[in-house]
Amino acid sequence: MKALKEFALAASLLCAFAVVGCRNTGTHTDTGLGFDDTISGNGVITDDLLGYNDTPLPTDRFDELPPAAGPADVAPVYFAFGKPDVPAMEMSKVDLVAQFLTANPDIVIVIEGHCDERGTNEFNLSLGEYRAQSVRDALMARGVSTSRMQTISYGEERPADPGHNESAWAANRRAEFSFYQNR
């Protein structure tokens, strides 16, 4: 019965992703959520109003910047099967990254979304993207500017554990952080 419920949930998510028109080819996504707009009576909050003065980046791909060390104890954020939302028990990892980025304004990050091997490539790329965006949104809620974050989905293509069992799948359902120096 549990397997049937999980299958129904996965099928529902797949349908929802298809309806939304998800697309992801393993490339960086736009980080704008309307925060780059200017205020013209439309009530949009801009990064400038939030007090951000980010130095423009020399590239639109953060992974072309020099790598930087992140917090020493940063760990991947792990997700439940078929779920894109950051679990409450994983928020301390998001808090750690937010604190680090606040203290180091010259560092930018790429948030990588990953999935286990179950599901189609298209589904896993979409789910990985939703996971990365969920982490990005949590960081944004903690004051990190969207202009300092990019997301990418690797779907099932870069497993942390190559096994084919529940413990391997749990290790592969994750979001990881890559840190780069904004020159």
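A residue is called buried here when its relative accessible area is under 20%, exposed when that area is over 50%, and partly exposed in between (1.4 Å probe, protein chains only). By this criterion Phe 179 is buried, because its relative accessible area is 6%. The model is predicted, so local features need pLDDT of at least 70 and side-chain atom pairs count only at pLDDT 80 or more, while totals for chains, interfaces and linings use all residues. Residues are numbered from 1 along each chain as its sequence is written, and side-chain values use heavy atoms, with hydrogens and water left out.

Phe 179 also takes part in ring pairing. Rings of Phe, Tyr and Trp (its six-membered ring) pair if their centres lie within 6.5 Å; planes under 30 degrees apart count as stacked, over 60 as edge-to-face and the rest as tilted. The structure holds 2 aromatic pairs. In one of them, the ring centres of Phe 100 and Phe 179 are 5.5 Å apart and the planes stand at 80°, so the pair is edge-to-face. This pair links distant parts of the chain, for Phe 100 belongs to helix 2 (residues 91–103) and Phe 179 to strand 4 (residues 174–181), 79 residues apart. Helices (H or I, at least four residues) and strands (E, at least two) are DSSP runs, numbered from the N terminus. Phe 100 counts as buried because its relative accessibility is 17%. Ring pairs join Phe 100, Phe 177 and Phe 179 into a cluster.

Ser 134 lies in helix 3 (residues 121–141). At 17% relative accessibility, Ser 134 counts as buried. Leaving aside residues up to four places away in sequence, Ser 134 touches Pro 84, Asp 85 and Val 86, where contact means heavy atoms within 4.5 Å.
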